[in-house]
Amino acid sequence: MREKIYITRKLPAGIVKKLEGNFYIDMWDQEEKAIPRDVLLDKVKDSQGLLCMLTETIDQEVLESAPNLKVISNMAVGYNNIDVEEATKRGIAVTNTPGVLTETTADLTFALLMATARRLVEASDYLREGQWKTWSPMQLTGMDIHGATLGIIGFGRIGQAVAKRAAGFGMNILYYNRSRKPEAERQTGAQFSELDDVLRESDFISILLPYSSEVHHLISAKELSLMKKTAILVNTARGGIVNEDALYDALKNENIWAAGLDVFEKEPVNPNNPLLKLPNVVTLPHIGSASIATRMKMAELAAENLHNALVGSGDVKRVN
Ligand SMILES: NC(=O)c1ccc[n+]([C@@H]2O[C@H](COP(=O)([O-])OP(=O)(O)OC[C@H]3O[C@@H](n4cnc5c(N)ncnc54)[C@H](O)[C@@H]3O)[C@@H](O)[C@H]2O)c1
């Protein structure tokens with residue numbers, strides 16, 4: 001009997017068709033509605049492979065419901081939605097999609113940095129709401145990007161790709177990372193600093209660390225208090241790295257100047273989240289890797305990981 005793969009979101013037909021050559025495929029295909037938890041728990045019961053998104057929490061309960069599972073293929077580079085330790089104990093391979101989304105996520109990070117610095121959303125709303133009646137020299141003024149110092153926290157693939165863009169914009173670059181990256185330092189002129197120094201000296205802070213319990217609320221009240229009052233925080237990594245209550249206070253009390261957020265502690269974001277009400281925050285619904293070409297590449301790589309891990313040959317991007 002063919003092995004069964006369950007896919008938690010509708011994927012492009014061509015990608016599903018390729019998998020159908022070797023496996024029995026079942027898929028959640030309601031695009032407007034996320035897969036309900038009870039459906040997921042039921043569907044994994046007889047599956048050998050699971051292709052999921054970061055919106056699905058693959059915890060102990062899911063793993064217990066899936067005694068036949070051999071591979072979990074996450075269609076994302078981050079995999080904090082999966083209990084990797086528990087999966088490893090059960091001999092389940094966990095895979096992700098690194099690399100193919102690096103440049104697209106760096107583009108979005110830079111776009112968010114610029115939109116926040118130059119108040120693009122506020123300015124667009126101002127015009128649409130019919131408020132543009134005169135001209136005043138200090139109206140809708142923002143922060144310069146050229147010549148400013150960018151501090152990158154998490155200097156991996158995406159962090160380094162952001163640094164390349166920043167170098168082109170004439171920014172000075174500081175970075176904090178677990179280990180030093182001499183080759184990227186040479187290419188971008190970025191300088192390694194301790195975390196507190198990066199926070200103190202930067203005009204822009206870009207967070208690009210993977211989420212883990214180790215970095216939960218890494219940026220909290222104390223860290224925000226080290227930042228310049230004119231500083232802008234951009235988070236395109238994971239919401240849990242920043243303490244949202246502390247961030248709200250820092251923005252409300254003008255201890256920092258603005259924030260650009262693509263990610264939140266709880267997603268999808270509750271529309272009543274107070275951060276959405278602040279004028280000095282630009283918010284996005286986790287669209288870092290959302291270009292047509294990149295989402296296709298991510299889906300292809302996620303399918304390839306699953307296929308290769310199940311047939312036992314070819315390249316597999318394993319995280320455990
Ligand atoms: N907004 C989005 O849509 C989106 C898209 C892609 C990736 N992401 C997030 O961006 C993250 C980074 O992606 P990447 O491909 O650059 O990953 P990466 O593994 O290439 O880079 C992460 C860097 O962080 C460093 N690091 C890890 N833990 C650390 C710690 N505790 N202290 C200091 N340094 C630490 C690593 O040494 C590495 O250099 C992903 O894990 C994901 O959560 C978000």
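Tutor: A term to begin with: buried means under 20% relative accessible area, exposed over 50%, partly exposed in between (1.4 Å probe, protein chains only). Helices (H or I, at least four residues) and strands (E, at least two) are DSSP runs numbered from the N terminus. This is a predicted model, where local features need pLDDT of at least 70 and side-chain atom pairs count only at pLDDT 80 or more, while totals for chains, interfaces and linings use all residues. Residues are numbered from 1 along each chain as its sequence is written, and side-chain values use heavy atoms, leaving out hydrogens and water.

Student: Why is strand E6 (residues 149-153) largely enclosed by the rest of the structure?

Tutor: Look at both sides of the strand. Thr 149, Gly 151 and Ile 153 point one way, Leu 150 and Ile 152 the other way, and all are buried. E6 is thus largely enclosed because the number of its residues that are buried is five of the five.

Student: Which residue of E7 is the bridge partner of Leu 150?

Tutor: E6 runs parallel to strand E7 (residues 172-176), joined by five bridges; strands pair if DSSP finds at least two bridges between them. With helix H7 (residues 157-168), these strands make a right-handed β-α-β unit, that is, the path from the first strand over the helix to the second runs clockwise with the strands pointing away from the viewer. In E7, the partner of Leu 150 is Ile 173.

Student: And which residue of E9 stands opposite Gly 151?

Tutor: E6 is also joined to E9 in parallel, by four bridges. Opposite Gly 151 stands Ile 205.

Student: Moving on to E10, which of its residues stands opposite Ser 206?

Tutor: E9 (residues 204-207) pairs with E10 in the parallel sense over four bridges. The chain gets from E9 to E10 through helix H10 (residues 221-226), in a right-handed β-α-β crossover. In E10 (residues 232-235), Ile 232 and Val 234 on one side and Leu 233 and Asn 235 on the other are all buried. The residue opposite Ser 206 is Val 234.

Student: Which side chain has an N or O atom 2.8 Å from a nitrogen atom of the ligand?

Tutor: Around the ligand are 26 residues, the closest being Arg 157, Ile 158, Arg 178, Thr 236 and Asp 262; near means a heavy atom within 4 Å. A ligand nitrogen lies 2.9 Å from a polar backbone atom of Arg 178. The side chain at 2.8 Å from a ligand nitrogen is that of Asp 262.

Student: How much of the ligand's accessible area does the protein cover?

Tutor: These areas come from the Shrake-Rupley method with a 1.4 Å probe. On its own, the ligand has 870 Å² of accessible area, and the protein covers 88%.

Note on methods
Polar contact = N/O pair within 3.5 Å; in protein donor to acceptor, adjacent residues only side chain to side chain.
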